[in-house]
Amino acid sequence: MMTEHPGRRAPVLPTEARCERCGETFTPADLADLLHFQTRDGELCGGEGVPFRKFVIRKHNRG
């Protein structure tokens, strides 16, 4: 049986999306269906979400 290299990690899937219509960030129920149903104010939206990954800030040793 083959195993993966220990240095490799599974790709991180985006967990949030930004609605193209209203601009709110939301957590989609399914990455295959990125419809933004409702805004935080409770209004119906219907915009399509664009998934994004969270930023990772790395500290570099600048000796």
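Pro 28 lies in the loop that runs between strand S2 (25–26) and strand S3 (35–38). Helices (H or I, at least four residues) and strands (E, at least two) are DSSP runs, numbered from the N terminus. The model is a predicted one, in which local features need pLDDT of at least 70, side-chain atom pairs count only at pLDDT 80 or more, and totals for chains, interfaces and linings use all residues. Residues are numbered from 1 along each chain as its sequence is written, and side-chain values use heavy atoms, with hydrogens and water left out.

With a relative accessible area of 13%, Pro 28 is buried. Buried means under 20% relative accessible area, exposed over 50%, and partly exposed in between (1.4 Å probe, protein chains only). Apart from neighbours within four places in sequence, Pro 28 is in contact with Thr 15, Glu 16, Ala 17, Asp 33 and Leu 34; contact means heavy atoms within 4.5 Å.

Thr 39 sits in the loop between S3 and strand S4 (44–52). Thr 39 is also buried, at a relative accessible area of 15%. Residues up to four places away in sequence aside, Thr 39 touches Cys 22, Glu 24 and Cys 45.

The protein as a whole has 0 helices and 4 strands, which gives the pattern β-β-β-β along the sequence. Of its 63 residues, 19% count as buried. Among contacts between residues at least 6 apart in sequence, 38% join residues at least 24 apart. The accessible surface comes to about 6200 Å², and 52% of that belongs to carbon and sulfur atoms. Accessible areas come from the Shrake-Rupley method with a 1.4 Å probe; for residues, only the protein chains shown count as cover.

What does a search of the whole structure find in the way of disulfides? The search finds 0, a disulfide being a pair of cysteine sulfur atoms within 2.5 Å.

| Cysteine | Closest cysteine sulfur | Sulfur distance |
|---|---|---|
| Cys 19 | Cys 45 | 3.6 Å |
| Cys 22 | Cys 19 | 3.8 Å |

Cys 19 is buried at 1% relative accessibility, whereas Cys 22 is partly exposed, with a relative accessible area of 34%.
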